[in-house]
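My notebook is open, and here is what I looked up today, entry by entry. Have the model on screen as you read.

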Amino acid sequence: MEIRTKRETKDRMSYQRTRLKPTIVIDNIITMYYFEFAKNYVFPGEQHDFWELVYVDKGEVKVTAGTTQHRLRQGMVVFHEPDEFHSFYACEGTAPNIIVLTFDCRSEAMKRFARQIVYLEDTERNLLAEIVKEGKHAFEFPFRYPLKRRQDAPVGSEQLIQLYLQTFLIRLLRRMGHAETSKPLSFTAREKDNEALARRVIGYLEDHVEGNVSLGEISEALHVAKTRLKEQFKRQTGLSIMSYYNQLKIGRAKSLIREKTYNFSEIAAMLGFSGPHYFSKAFKKSAGMSPSEYARSVQARSQTDSE
């Protein structure tokens, strides 16, 4: 049996605890959506007693916040404070992809986000992607209101949503000059260089989404060895270059389908598929449905949203 002296017991019990001071605390999630809107979509507007963030993943939208109107491009996020009337519509006949999160937050620091529009950096976009990913783990997808918990949700998925969202907001606060502590952590020069390389590859793929490119062509265009391209792109994005390229093509195909400007054969040819059959096969593998099924689902969603 272990015998402790009175002094040892006293020393053990006298440790001082430091309660961690939170800056941003998310109390509740109300809604979580990833929308792929049809061309010329119009959201007439609403107001509610909780916070909302709207992120433009693709396309452009015009947002009204109170009496002010803003044009949001891909990569930009806007915050609507509680009880603020807001609305938006798709710009110039495009079919935008939008992330919408609504939540309760009573933290004083949250007031800094009122009517703020911010262009997100890569790390912040990755955090948003993780929020959506964990949302799909935690709740039935497509997301509905109210959110319905999945019976097979991985342990801690809801808490990860909270943590990722809080981290996302704190990172933005620091960039907005609100931090009371030390400077934000920065990447090393090499990490920044690798991140910039991945962005260059993505930019090249986006510029050539209509057609086809090979790894050798990318290597020659960017003057970077193929081995380094493959390794660093996979490290930065979690995908191979060609897998990412295929996702871009399918994403572009979805936009074209929603815009209803071209038929499936024309879209297949435009995006470099050898024929409608291969296009349909690749589309179904990525989206889980055929192009015609996707077209019907978007049309039905658009009609539902406008009712």
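**The end of α3.** I began with Gly-177, which sits just after α3 and takes a positive phi of about 80°. This is a predicted model, so I read every value here as computed from that prediction.

**Length of α3.** At 1.5 Å a residue, the 19 residues of α3 should span 27 Å, and the end C-alpha atoms are 27 Å apart, so the two agree.

**Buried side of α3.** Which residues of α3 are buried? I noted Ser-157, Ile-161, Leu-165, Gln-166, Phe-168, Leu-169, Leu-172 and Leu-173. A reminder to myself: an α-helix has 3.6 residues a turn, so residues three or four places apart point the same way. What do the buried residues of α3 pack against? I found β1, β3, β6, β8, β9 (117-119) and α2.

**The largest core.** Next I looked up the largest nonpolar core, which has 46 residues. Phe-79, Phe-168 and Leu-169 touch the most other members. The elements giving two or more residues to this core are β1 (28-36), β3 (51-58), β4 (61-65), β6 (76-80), β8 (97-104), α2 (122-138) and α3 (157-175). The largest share, six residues, comes from α3.

I then followed Leu-169 on its own. Setting aside neighbours within four places in sequence, I found Leu-169 in contact with Ile-24, Ile-26, Phe-79, Phe-103, Met-110 and Phe-113. I also noted a second, separate core of 18 residues, with Val-201, Ile-202, Leu-229 and Phe-233 among them.

**Strand β4.** Is β4 enclosed or open? Four of its five residues are buried, so I wrote it down as largely enclosed by the rest of the structure. β4 pairs with strand β5 (residues 68-72) in the antiparallel sense, over five bridges. One of the bridge partners I looked up is Thr-68 in β5, which goes with Ala-65. The hairpin of β4 and β5 has two residues between the strands, and in it Gly-66 takes a positive phi near 65°.

β4 is also joined to strand β7 (residues 86-90) by five bridges, and these two run antiparallel. Here I noted that Lys-62 has Tyr-89 in β7 as its bridge partner.

**Aromatic rings.** How many aromatic pairs does a search of the whole structure find? I got 12. For Phe-35 and Phe-37, the ring centres are 4.7 Å apart and the planes are at 25°, so I logged the pair as stacked. Phe-35 and Phe-37 are buried.

Phe-233 and Tyr-244 pair edge-to-face, with 5.4 Å centre to centre and 85° between the planes. Phe-233 is in helix α6 (residues 226-237) and Tyr-244 in helix α7 (residues 241-259), 11 residues apart. Both Phe-233 and Tyr-244 are buried.

I marked one aromatic cluster formed by Tyr-33, Phe-35, Phe-37, Tyr-41, Phe-43 and Phe-88. Separately, Lys-136 lies over the face of Phe-141, at 4.6 Å from the ring centre.

**Whole protein.** Last, the overall tally. I counted 10 helices and nine strands. Of the 307 residues, 38% count as buried. Among contacts between residues at least 6 apart in sequence, 71% join residues at least 24 apart.

How values were computed. Residues numbered from 1 in each chain as written. Predicted model: local features only at pLDDT ≥ 70, side-chain atom pairs only at ≥ 80, totals over all residues. Heavy atoms only, no water. Core = buried A, V, L, I, M, F, W, Y, C linked by side-chain atoms within 4.5 Å. Buried < 20%, exposed > 50% of the residue type's maximum accessible area, 1.4 Å probe, protein only. Contact = heavy atoms within 4.5 Å. Phe/Tyr/Trp six-rings, centres within 6.5 Å; stacked < 30°, edge-to-face > 60°. Lys NZ or Arg CZ within 6 Å of the ring centre and 35° of its normal. Pairing = 2+ DSSP bridges. Expected span 1.5 Å × (residues − 1).
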